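The following is a walk through a predicted model.

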Number of protein chains: 2
Amino acid sequence: MRQPFSFTFYVASWYRKSPYWERTVEAGCTSWDVYNHMLIPTLYDDDEVEYRHLLEHVTLWDVAVERQVEITGPDAARFTQLLTCRDLSRCEVMQCKYAPIIAPHGGIVNDPILLRLAEDRFWLSLADSDALLYCLGVQAFAGLDVEIREPDVSPLQVQGPKSKYVIRDLFGEEVASLRYYRCWEGDLDGIPVVVSRTGWSGEVGFEIYLCDSSRGLELWDRVMEAGRPYRIRPIAPSDQRRIEAGIFNYGNDMTIEDTPFHVTGMERLVEFSADFIGRPALERVAERGVDRKLVGVEIGGEPFRLWLEDFWPVRRDGETVGKLTSASYSFRLRRNIGYAWVPIGLAEPGNELELLSPDGPVPAVTASLPFLDPTKEIPRS
Amino acid sequence: MRQPFSFTFYVASWYRKSPYWERTVEAGCTSWDVYNHMLIPTLYDDDEVEYRHLLEHVTLWDVAVERQVEITGPDAARFTQLLTCRDLSRCEVMQCKYAPIIAPHGGIVNDPILLRLAEDRFWLSLADSDALLYCLGVQAFAGLDVEIREPDVSPLQVQGPKSKYVIRDLFGEEVASLRYYRCWEGDLDGIPVVVSRTGWSGEVGFEIYLCDSSRGLELWDRVMEAGRPYRIRPIAPSDQRRIEAGIFNYGNDMTIEDTPFHVTGMERLVEFSADFIGRPALERVAERGVDRKLVGVEIGGEPFRLWLEDFWPVRRDGETVGKLTSASYSFRLRRNIGYAWVPIGLAEPGNELELLSPDGPVPAVTASLPFLDPTKEIPRS
């Protein structure tokens with residue numbers, strides 16, 4: 001397939017730069033995206049080279065764009081529970097949850113990783129939407145005593161099979177042995193950080209949340225130094241790898257128009273044992289069922305280059321019935337894979353579709369998720 | 001000054017394209033920005049050529065990125081009043097207001113143009129933040145009967161001294177004679193639109209809000225055709241012109257961290273005759289005063305190229321006391337102008353500052369706003 005349309009982009013003061021910016025430029029980053037009003041590296045090298053390195057060694061990602069919403073105060077636990085369809089009564093201190101934020105009508109506001117750092121201190125590590133504003137809106141009339149802010153936190157991801165060794169050499173055995181979706185708070189010779197056993201790759205991985213942006217270059221250098229024996233290298237988040245793993249990209253695959261019941265694999269995240277905003281709306285959806293679904297698709301045609309430039313219409317019997325939202329070439333499966341919105345009647349695996357690419361029709365078939373089993377030890381929490 | 005850092009940007013499905021996209025490419029647009037998760041043209045030609053055309057003729061801007069929040073329902077007026085510090089009891093149907101949206105702590109969530117299209121139907125024409133999410137958050141516990149959504153609306157701006165003739169030839173004398181900050185709803189041979197006498201240029205201008213994105217190319221072509229006798233051409237929003245006019249860029253000049261009392265010229269927008277979210281916080285700010293202010297600055301050194309790449313530290317007596325947020329070369333004033341955050345003690349015009357550019361110190365002096373008087377007939381409403 002053709003590579004996406006490209007043009008010259010001029011950096012401007014209205015995009016916030018990561019505290020790791022200089023190092024990503026020095027490391028040869030050639031392209032960035034805009035995410036949460038910040039620049040995020042999207043390509044250093046050939047995307048297959050980056051993908052292979054992630055699978056075999058260890059990689060460092062500048063994901064300072066994962067902005068945090070911090071909720072503190074006496075009512076922090078009650079307030080945070082209002083925001084998400086996950087049941088937080090079972091969320092221990094230093095535990096993380098994949099926690100969709102739900103609007104009054106049931107739509108997904110954001111799909112952050114929630115970190116419970118204390119009984120009354122929560123972080124939402126955001127995907128690409130200003131969920132801070134949603135939280136401030138809820139605060140207006142919730143009648144709860146909380147403080148809500150974006151703290152000075154800038155995450156890195158350390159992903160790949162050797163990431164454990166890097167984390168061990170930096171933080172010790174205890175941190176390297178964190179269970180999935182658990183976190184730790186401390187410092188690296190005085191650099192304040194939180195470390196969580198999470199990531200956006202489907203590989204073994206960690207996130208290091210830097211809590212003082214003035215020390216970004218120092219932290220980057222420490223991680224690169226500790227990773228040298230394990231061949232660490234900076235890469236961009238891999239669209240190929242996340243699609244293989246069945247991971248979604250908020251704002252692209254699903255939006256505020258969709259509920260968790262509309263997205264394959266997100267249904268189980270709705271826990272009606274909890275009380276939250278949008279619960280009545282989601283109860284209605286659960287009862288009535290959905291009329292469309294985001295599903296996996298295997299796609300014919302030439303291998304995709306990089307990522308999808310724009311949604312493609314999904315057709316069946318000559319009628320447009322949905323849209324393709326993501327597509328990449330899986331270097332291991334040796335085929336194109338992606339996600340598409342289809343009518344509920346076509347949501348089961350094995351339904352044949354036609355995709356309307358800018359260069360003409362391309363055949364596709366619905367598929368079960370994930371495309372590749374995640375590393376055995378990675379259950380999503 | 002050096003031109004901002006640039007790189008190759010690849011379009012991706014996670015950026016929404018404007019319904020005018022194809023026409024902007026055909027018209028020779030060479031660079032885009034990301035704004036409200038969409039692509040907006042930022043450069044077609046030389047920026048001085050675009051600026052001169054805006055001052056002398058008429059120009060067409062693709063500003064589909066100005067997403068709307070639509071608030072309807074029996075309690076729409078009460079709900080919308082909760083969101084903004086403007087007193088909407090004085091806002092008539094088909095009137096517009098520059099209406100900052102205020103968070104519980106008094107910070108600015110967004111600074112949209114509000115359009116009252118009916119007693120119980122409002123649009124917020126947004127700057128760059130997901131204020132839709134803020135509105136949905138407020139809805140959760142406000143106890144008011146409203147519907148909130150992003151409608152299918154994609155604005156164009158028609159700006160420049162000849163814009164009146166283009167609007168007259170398209171929509172008739174009545175629409176061309178709209179008073180400032182008034183709007184009209186109707187259609188152009190069946191293409192549903194709203195037209196308002198507003199804009200981001202300080203020149204005479206209008207916005208045409210297309211209400212059916214499937215008809216974008218058709219509307220674009222109609223406007224270009226009607227504008228031909230007046231030498232209409234597509235340009236990007238002009239950073240030079242908006243700074244001359246004392247117009248701010250939300251997310252860049254001011255953010256959720258700032259209240260209207262912190263921004264020169266926005267103080268008068270806080271109307272305590274109204275009851276709104278954040279009013280107690282703003283009353284405290286009004287009483288205590290602010291410790292810092294966004295002010296105009298005239299800047300020495302070489303002429304700026306395009307726009308500011310990143311904030312520059314503002315220094316006084318060798319200490320960093322603030323930051324420069326915007327800077328452009330005014331082709332008419334023949335000097336660099338911009339905005340900077342300074343301690344309140346330096347907010348009056350005439351205070352000398354030192355800016356720390358990447359190439360070394362540059363002198364600056366605080367200045368009154370606007371830098372150039374707006375067209376006489378343009379009071380901001």
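Domain bounds here come from an automatic or database domain assignment. On that basis, chain A is divided into three parts: domain 1 (21–66 + 153–242), domain 2 (68–149) and domain 3 (243–367). The centres of domain 1 of chain A and domain 3 of chain A, taken over C-alpha atoms, are separated by 28 Å.

These two domains also touch. Ten residues of domain 1 of chain A are in contact with ten residues of domain 3 of chain A. On the domain 1 side, helix 2 (47–56) and helix 8 (239–244) of chain A each supply at least two of the touching residues. Helix 8 of chain A gives the most to that side, with four residues. Sorted by class, the side of domain 1 of chain A that touches domain 3 of chain A has five charged, three polar and two nonpolar residues.

The next contact is between two helices. Helix 5 (residues 163–171) of chain A and helix 7 (residues 216–227) of chain A have axes that come within 9 Å and cross at roughly 120°. Angles of 65 to 115 degrees count as roughly perpendicular and those over 145 as roughly antiparallel; helix 5 of chain A and helix 7 of chain A are therefore oblique to each other. Their crossing is right-handed.

At this crossing, helix 5 of chain A contributes Val166(A), Asp169(A) and Leu170(A), which meet Arg222(A), Val223(A), Ala226(A) and Gly227(A) of helix 7 of chain A. By class, the contact of helix 5 with helix 7 of chain A has four nonpolar, one polar and two charged residues.

Note on methods: Residues are numbered from 1 along each chain as its sequence is written. Chains are lettered from A and ligands numbered from 1 in the order in which they are written. This is a predicted model: local features need pLDDT of at least 70, side-chain atom pairs count only at pLDDT 80 or more; totals for chains, interfaces and linings use all residues. Two residues are in contact if their C-beta atoms, placed from the backbone, lie within 7 Å. Ala, Val, Leu, Ile, Met, Phe, Trp, Tyr, Cys and Pro count as nonpolar, Asp, Glu, Lys and Arg as charged, and the others, Gly among them, as polar. Axes are lines fitted to C-alpha atoms, for helices over the stretch in contact, and angles run from 0 to 180 degrees between N-to-C directions. Angles under 35 degrees count as roughly parallel, over 145 as roughly antiparallel, 65 to 115 as roughly perpendicular and the rest as oblique. A crossing is left-handed if the near helix is turned anticlockwise from the far one by less than a right angle, and right-handed if clockwise.
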